[in-house]
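Please load the model in a viewer and keep the selection panel at hand. The stops below are given in the order in which they may be selected.

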Amino acid sequence: MSSLGTKRLGKELANEQVSKSLPPGITLVKADDLQEWLLDIQVLDQNPIYAGETYRLKFRFGKQYPIEPPEVVFTKQENRPIPMHPHIYSNGIICLDLLGSSGWSPVQNVESVCMSIQSMLTGNTKNHRPEGDADFVSTNKARPKDIEFYYHDNEV
Amino acid sequence: MCDICCDDDEGLQSFAMKCGHRYCVNCYRHYLTQKIREEGEAARIQCPAEGCSRIIDARSLDLLVTPELSGRYQELLNRTYVEDKDTLKWCPAPDCENAVECGIKKKELDKVVPTVACACGYRFCFGCILSDHQPAPCELVKRWLKKCADDSETANWISANTKECPKCNSTIEKNGGCNHMTCRKCKHEFCWMCMGLWSEHGTSWYNCNRFEEKSGTDARDAQAKSRVSLERYLHYYNRYANHEQSARLDKDMYTKTEKKMVQLQSASGMSWIEVQYLNSASQALQTCRQTLKWTYAFAFYLARNNLTEIFEDNQKDLELAVENLSEMFEKPIAELADSKLKVDIMDKTSYCNKRRLILLQDTAENLANGMSFKL
């Protein structure tokens with residue numbers, strides 16, 4: 001990782017551990033190195049789709065972070081399902097413009113990404129997967145950031 | 001503090017455009033390098049701030065990045081300029097960096113074939129970027145290339161290895177054995193050699209010497225008819241492919257010509273300018289063959305009427321002229337130096353060029369007047 005990325009992630013980490021500044025519903029689970037972090041998120045209002053559940057996010061930081069976006073996916077574990085959402089595939093890949101190179105801004109950080117994903121869940125009322133989920137999950141081999149998402153439904 | 005690296009050292013050098021989003025110079029530089037080098041962006045690089053749509057201007061960029069990157073930026077900027085403009089296209093020749101301007105509109109492409117010549121010498125169609133395909137319009141070229149890719153090999157094989165049953169016209173491959181054929185579909189029994197009834201063959205089981213019997217000739221006529229469409233396609237395809245191959249050989253010829261010109265200069269004491277006629281002849285051959293090649297695709301789709309005959313005459317004249325010139329051109333050095341042959345070659349060269357222009361003028365006029373094709 002470039003010195004810029006190391007310095008920046010170090011600062012982000014210090015900020016979150018020392019001041020515990022993460023917003024409610026978002027907790028840092030693991031940040032042992034500067035390559036991969038795990039975070040848990042919950043939806044705090046009474047959205048029936050997500051009530052009572054906790055979801056796990058995996059961040060992977062490339063060499064160019066924060067100039068390039070990190071790779072962010074949901075990972076499935078016991079007690080940590082993949083949330084239902086028309087922009088989240090059942091393998092955990094998230095279709096969000098913020099995470100692509102055209103929607104990313106280097107001013108974004110781990111915290112702001114988590115908040116965007118949290119609010120994306122909070123505002124959702126559709127309890128289903130994206131169109132073509134089964135096909136995509138069985139055939140996709142590309143890294144999330146290399147996928148050209150086709151936004152079937154821009155209202156969500 | 002810089003919001004990208006979160007650095008707040010004293011004396012941190014920073015930069016902001018008019019939008020006021022200020023970041024340290026180092027981060028800005030990283031950001032721009034990534035956009036230009038990895039993402040190939042130029043005209044659409046925005047301020048790094050989230051949601052700020054301010055585009056980085058060239059002057060700010062020059063302040064921030066190395067001259068090398070700035071050069072790449074200019075290159076990309078030119079590229080987007082050309083790509084965004086309908087009247088500009090990059091020359092598709094390898095290593096050519098020129099763009100060509102042409103005012104043709106998309107809807108005119110069925111009436112005009114907009115061949116352009118780049119300063120590098122490469123001639124291509126502004127409509128579809130393929131190399132020059134006059135007189136055939138783009139749509140026709142697309143169909144022809146697709147047909148050739150789909151059919152040519154299959155059609156060739158069918159033509160070489162199969163015959164149709166004289167009774168039901170099923171295509172039959174003879175993959176060994178004797179000449180006594182029984183059609184699997186209609187059970188008709190016939191002789192592979194003469195296509196006549198097998199019952200008339202008597203005892204000559206493995207050899208057919210009955211080529212002139214009536215049943216055989218009739219069957220062969222019927223067969224010939226069913227093959228007309230296939231043969232028609234192959235007729236045009238073979239001529240098209242032949243000129244294409246010759247055009248490829250022209251490339252080798254060009255290098256040979258250059259050598260010949262040098263040899264000729266030393267053998268006959270001619271000056272450089274005096275041997276340029278060989279260069280002109282070589283150029284003429286290449287261009288004319290390219291045109292001839294496409295006249296065959298053009299002719300394949302052409303609906304038959306009085307104009308067709310004029311077209312075919314023009315085509316024949318050009319072909320004859322080209323083959324004549326080609327023959328002269330391949331004479332050994334000793335003969336090439338002969339001043340009579342030189343005059344002949346020069347005459348033939350200008351004749352070829354003239355015939356080509358006449359053919360193209362004629363077809364261009366007919367195209368503009370709405371020529372009919374059988375597609």
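Begin by selecting A:Ile41, A:Leu57, A:Val72, A:Phe74, A:Ile94, A:Cys114 and A:Ile117, which touch the most other members among the 22 residues of the largest nonpolar core. Such a core is a set of buried Ala, Val, Leu, Ile, Met, Phe, Trp, Tyr and Cys residues joined through C-beta atoms within 7 Å. A residue is buried if 20 or more other C-beta atoms, placed from the backbone, lie within 10 Å of its own, exposed if 12 or fewer, and partly exposed in between. At least two residues of this core come from each of β2, β3 (55-60), β4 and α2 of chain A, and α2(A) gives the largest share, five residues. Apart from this core lies another, of 19 residues, including B:Phe124 and B:Tyr237.

The model is predicted: local features need pLDDT of at least 70, side-chain atom pairs count only at pLDDT 80 or more, and totals for chains, interfaces and linings use all residues. Residues are numbered from 1 along each chain as its sequence is written, while chains are lettered from A and ligands numbered from 1 in the order in which they are written.

Next, centre on A:Ile117. Leaving aside neighbours within four places in sequence, A:Ile117 is in contact (C-beta atoms placed from the backbone and within 7 Å) with A:Ile41, A:Leu57 and A:Ile94.

Now select residues 110-122 of chain A, helix α2. Buried in α2(A) are A:Val110, A:Val113, A:Cys114, A:Ile117, A:Gln118 and A:Leu121. These residues lie on the same side of α2(A), because they cover an arc of only 135 degrees around the axis.

Move to A:Asn91, in the loop between β4 (71-75) and α2 of chain A. Is A:Asn91 buried, exposed or partly exposed? A:Asn91 is partly exposed, because 16 other C-beta atoms lie within 10 Å.

Then show residues 26-30 and 36-41 of chain A, strands β1 and β2, which pair in the antiparallel sense over four bridges. Strands (E, at least two residues) and helices (H or I, at least four) are DSSP runs numbered from the N terminus, and pairing requires at least two DSSP bridges. A:Lys30 has A:Leu38 as its bridge partner in β2(A).

Finally, display both chains: 13 residues of chain A are in contact with 13 residues of chain B.

Methods. Two residues are in contact if their C-beta atoms, placed from the backbone, lie within 7 Å. The arc is that of the directions from the helix axis to the C-beta atoms.
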